[in-house]
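Please keep the sequence and the structure in view while reading.

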Amino acid sequence: MELKLTQLTEHTWLLPHHPDEAAVQSSIGVIVSRNESLLVDAGNSPRLARQLKTELARCQLPPVSRIIYTHHHWDHVYGACAFEVPVTAHAVCKAILEEESRKPWGIDYLNEEMKRDPKLTASYTARAKAIEDWASFSILIPEDVFEKESLIDLDGVTLELEHVGGEHAEDSIVVKVPEDGVMFIGDCYYPPPLHLRQPDSAPSLDMLRSLLDDAYQLYVEGHDKPFTQTELLGFLQANT
């Protein structure tokens, strides 16, 4: 399935998530200034990253100068190795990905791990389908890390990064573009990954409430369409 870049606001674009949950293909945000593009997450594979490069060229957007990981999960970071650019993330994200990078990733390892823990089957089967060539694959480790908050000046466009954590991933951050009223929230309010979920696991409405801010009119998540502020308020009211 081919996914197309769509423009959200003056400086923000989105390559949407794959509608098939089994594909485990998250959305990729693109923040654009006059001379640079920055990715919010890098997708689940070099193949998707190549598709994104084609879309960036089609839309005549500037070259990618940096990637921000919203968190360490594979479907948000595995495409980064297709870009030779620095990565920014939370300090915990770096530590986790350093450990992940030392594992012998490949079909044999995936099969061994699924036998050891069948709860990993959905994730590892999706990884096997996403990565075409494990020999040329690598996990790109963040070079620029922070603990609580960070600012990035993207050629005049200010980005605010904030650590929010949560049950889905302890290293989750949100990326705010105040000038455009857009907040990229990744998967921060989701329940834990499938292999870690309990019968009572559920999305964190408290997390969503904590993110509500009158300065932001669009909330872009990883595996669903973006919320407008009105839609997010309605969602929270309907689930109270």
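## An enclosed strand and its surroundings

Both faces of strand β10 are covered: I173, V175 and V177 are buried on one side, and V174 and K176 are buried on the other. The model described here is a predicted one. Strand β10 spans residues 173–177, and because 5 of its 5 residues are buried, the strand is largely enclosed by the rest of the structure.

Which strands pair with β10? Strand β9 (residues 157–163) pairs with β10 in the antiparallel sense, and strand β11 (residues 182–186) also runs antiparallel to β10. The table sets out the two pairings.

| Strand paired with β10 | Residues | Bridges | Sense |
|---|---|---|---|
| β9 | residues 157–163 | 4 bridges | antiparallel |
| β11 | residues 182–186 | 3 bridges | antiparallel |

V174 in β10 stands opposite E162, while V175 has F184 of β11 as its bridge partner. The strands β10 and β11 form a hairpin, with 4 residues between them. Within that turn, G181 has a positive phi of about 65°.

## Helix α7

Helix α7 covers residues 229–238, and its buried residues are Q229, L232 and L236. These residues lie on the same side of α7, because they cover an arc of only 60° around the axis.

What do the buried residues of α7 pack against? They pack against helix α6 (205–211) and against the strands β12 (218–221) and β13 (227–228).

## The chain as a whole

The secondary structure of the chain comprises 7 helices and 13 strands. Its radius of gyration is 17 Å, close to the 18 Å given by the globule rule for 240 residues, so the chain is as compact as a globular protein of that length. Taken along the principal axes, the box filled by the C-alpha atoms is roughly 50 × 45 × 35 Å.

Of the 240 residues in the chain, 52% are buried. Among contacts with a separation of 6 or more, 59% are made by residues 24 or more positions apart. The chain exposes about 11,600 Å², of which carbon and sulfur atoms supply 49%.

How values were computed. Residues are numbered from 1 along each chain as its sequence is written. This is a predicted model: local features need pLDDT of at least 70, side-chain atom pairs count only at pLDDT 80 or more; totals for chains, interfaces and linings use all residues. Side-chain values use heavy atoms; hydrogens and water are left out. Buried means under 20% relative accessible area, exposed over 50%, partly exposed in between (1.4 Å probe, protein chains only). Helices (H or I, at least four residues) and strands (E, at least two) are DSSP runs, numbered from the N terminus. The arc is that of the directions from the helix axis to the C-beta atoms. Contact means heavy atoms within 4.5 Å. Two strands pair if DSSP finds at least two bridges between them. The radius of gyration is taken over C-alpha atoms; the globule rule is 2.2 Å times the number of residues to the power 0.38. Accessible areas come from the Shrake-Rupley method with a 1.4 Å probe; for residues, only the protein chains shown count as cover.
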